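Open the model in your viewer and keep the sequence panel beside it. This tour goes from selection to selection.

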Amino acid sequence: MTSAFPLVAATDIARRDPQHGRWLLHPARLALHGGERLSITGPSGSGKSVFLRALALLDPLDGGHVEWRGKRVARPAIPRYRRSIAYIRQRPALLDGTVEDNLRYPFTLRAYRDLQFERERVASLAAQAGRDSDFLDRRASELSGGEAQIAALIRVLQLDPDVLLLDEPTASLDPASSHAIEGLIGAWFDAGAARASIWVSHDPAQAERMSERHLTMQAGVLDEAPQASLDRENTTR
Ligand SMILES: Nc1ncnc2c1ncn2[C@@H]1O[C@H](COP(=O)(O)OP(=O)(O)O)[C@@H](O)[C@H]1O
Ligand SMILES: [Mg+2]
């Protein structure tokens with residue numbers, strides 16, 4: 001069931017180019033409820049990543065604010081907020097060392113001090129993504145792009161976020177890796193009653209598979225997708 005409050009509500013969040021003052025993201029509003037899966041499509045350079053990063057409060061806002069379950073996220077609450085809402089980038093950053101070293105890394109951070117690394121759990125996520133048992137021992141530097149993204153995703157999923165912000169996570173991956181990543185995310189979504197995701201994708205078929213509500217980004221302006229595309233989707237179901 002959805003609760004009275006959205007999980008995340010953005011009110012007029014905006015971003016400007018710090019050097020030239022140009023709007024990168026015009027004031028944008030969005031409410032994301034538990035159980036909702038959104039997608040955002042739009043041309044390259046239109047501000048999709050800027051929006052997701054702003055929503056995750058990874059970059060300072062130049063206007064507006066974000067609420068988490070009805071409560072405004074003030075500065076001191078940002079680390080806690082970032083624990084609930086995870087941003088997955090197109091090209092994951094992995095540390096030197098093994099996959100397991102990378103998966104253990106978040107538990108060294110203050111924000112996750114109360115949690116413990118569970119090798120069985122991550123091994124099972126890796127297996128779910130079609131990786132065999134030696135995956136955790138592989139060197140991060142030797143992984144393919146697809147394997148690196150799977151590792152980065154497992155690193156996040158083991159922490160049980162409520163919201164995933166997926167920034168073209170499969171954009172440059174082979175079909176098998178893309179499929180594995182969609183599978184992991186689908187399973188994560190189904191495992192919690194009130195989880196939600198926003199998937200930025202340039203693949204309309206993927207946006208339809210992985211979401212029910214579609215938004216567009218055009219020159220820094222976020223909008224609901226035109227009705228025509230929703231109608232088209234409804235008739236192809
Ligand atoms: N930190 C930044 N400073 C200045 N310009 C930026 C910054 N981040 C992104 N931009 C610019 O904002 C625009 C939107 O970028 P982005 O959100 O990455 O587009 P996309 O829709 O492809 O994800 C681009 O013109 C990009 O160059
Ligand atoms: Mg982008």
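This is a predicted model: local features need pLDDT of at least 70, side-chain atom pairs count only at pLDDT 80 or more; totals for chains, interfaces and linings use all residues.

A residue counts as partly exposed when its relative accessible area falls between the buried limit, under 20%, and the exposed limit, over 50%.

**Stop 1: E224 and R213**

Select E224. Its relative accessibility is 41%, so E224 counts as partly exposed. E224 sits in strand β10 (residues 221–224) and R213 in strand β9, so the pair ties together parts that are 11 residues apart in sequence.

**Stop 2**

At a relative accessible area of 23%, R213 is partly exposed.

**Stop 3: R209 and E182**

Select R209 with E182. Their side chains meet in a salt bridge of 2.7 Å, N to O. The link joins distant parts of the chain: R209 is in helix α7 (residues 204–210) and E182 in helix α6, 27 residues apart. E182 counts as buried, at 11%.

**Stop 4: a charged network**

Salt bridges number 15 in the structure. Select E100, R104, R119 and D137. Salt bridges with shared partners join these four residues into one network.

**Stop 5: the open sheet**

Four of them form an open sheet, ordered β2-β1-β4-β5, with antiparallel pairing. Which strands stand at the edges? They are β2 (23–32) and β5 (71–72); each has a single partner strand, so one side of each is left without a neighbour in the sheet.

Walk across the sheet pair by pair.

- β2 and β1 (residues 8–16): antiparallel, over six bridges. Pick A9 and find its bridge partner in β2, A31.
- β1 and β4 (residues 65–68): antiparallel, over four bridges. Pick A10; V66 in β4 stands opposite.
- β4 and β5: antiparallel, over two bridges. Pick E67; R72 in β5 stands opposite.

Then centre on the hairpin of β4 and β5. Two residues lie between its strands, and R69 takes a positive phi near 50 degrees.

**Stop 6: the largest nonpolar core**

Switch to side chains. The largest nonpolar core holds 33 residues. Which members touch the most others? Select F135, I150, I154, L164, L184 and I185. Now colour by element. Those giving two or more residues to this core are β6 (85–88), α3 (99–104), α4 (119–128), α5 (145–157), β7 (163–167) and α6 (175–191). The top contributor is α5, with seven residues.

Zoom in on I185. Leaving out residues up to four places away in sequence, I185 touches L153, L164, L166, W199 and M210.

**Stop 7: the second core**

Finish on a separate core of 31 residues. Its members include L7, L32, V66 and I78.

Methods. Residues are numbered from 1 along each chain as its sequence is written. Chains are lettered from A and ligands numbered from 1 in the order in which they are written. Side-chain values use heavy atoms; hydrogens and water are left out. A nonpolar core is a set of buried Ala, Val, Leu, Ile, Met, Phe, Trp, Tyr and Cys residues joined through side-chain atoms within 4.5 Å. Buried means under 20% relative accessible area, exposed over 50%, partly exposed in between (1.4 Å probe, protein chains only). Contact means heavy atoms within 4.5 Å. Two strands pair if DSSP finds at least two bridges between them.
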